Amino acid sequence: MATADAISIVPDLPANATNAEALAWVARMRRLLDRWETLPGHESRSMTPELGQQAYAELDEVERNVRRNMAAPEGA
């Protein structure tokens, strides 16, 4: 039985983003998640605690990848 592909619940980061833009994007997405219940129309979009944890985990992974990229020597 094939497993379903995981679908990210975090909108994709623009492919041409710089490291600084990527970190700013991560910060914006975290703020959005932090204030989810205050956003207009949030009732029509499901955000269970599990989905919230998944979104934070995905943002953590993006941030780790960006910071790893920033630490890599030029041309590596």
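This report describes the fold, the helix pair and a few selected residues of a predicted model.

## Basis of the model

The model is predicted: local features need pLDDT of at least 70, side-chain atom pairs count only at pLDDT 80 or more, and totals for chains, interfaces and linings use all residues. Residues are numbered from 1 along each chain as its sequence is written, and side-chain values use heavy atoms, with hydrogens and water left out.

## Overall fold

The chain holds 2 helices and 0 strands. Both terms refer to DSSP runs, numbered from the N terminus: helices are H or I with at least four residues, strands are E with at least two.

Of the 76 residues, 21% are buried. Buried means under 20% relative accessible area, exposed means over 50%, and partly exposed lies in between (1.4 Å probe, protein chains only). The chain exposes about 6,000 Å², and carbon and sulfur atoms supply 55% of that area. Accessible areas come from the Shrake-Rupley method with a 1.4 Å probe; for residues, only the protein chains shown count as cover.

Residues 24 or more positions apart account for 65% of them.

## The helix pair

Helix 1 spans residues 19-34 and helix 2 spans residues 49-71. Their axes come within 10 Å and cross at roughly 165 degrees. Axes are lines fitted to C-alpha atoms, for helices over the stretch in contact, with angles from 0 to 180 degrees between N-to-C directions. The two helices are therefore roughly antiparallel. That label applies to angles over 145 degrees; under 35 is roughly parallel, 65 to 115 roughly perpendicular, and the rest oblique.

The crossing of helix 1 and helix 2 is left-handed: the near helix is turned anticlockwise from the far one by less than a right angle, whereas clockwise would be right-handed. Helix 1 contributes Trp25, Val26, Met29 and Arg30, among others, to the contact. Helix 2 brings residues including Tyr56, Leu59, Glu63 and Arg67. The residues of this contact divide into 12 nonpolar, 2 polar and 5 charged. Here Ala, Val, Leu, Ile, Met, Phe, Trp, Tyr, Cys and Pro count as nonpolar, Asp, Glu, Lys and Arg as charged, and the others, Gly among them, as polar.

## Trp25 and Glu63

Trp25 lies in helix 1. It counts as buried, at 7% relative accessibility. Glu63 sits in helix 2. Glu63 is also buried, at 19%.

Leaving out residues up to four places away in sequence, Glu63 touches Leu23, Val26 and Arg30. Trp25 and Glu63 are 38 residues apart along the chain, with their C-alpha atoms separated by 9.6 Å.

## The connecting loop

His42 belongs to the loop between helix 1 and helix 2. It is buried, at 19% relative accessibility. Apart from residues up to four places away in sequence, its contacts are Trp36 and Glu37.

Glu37 is found in that loop between the helices. Glu37 is exposed, with a relative accessible area of 65%. Glu37 and Met47, 10 residues apart in sequence, are 9.1 Å apart from C-alpha to C-alpha.

Definitions and conventions: Contact = heavy atoms within 4.5 Å.
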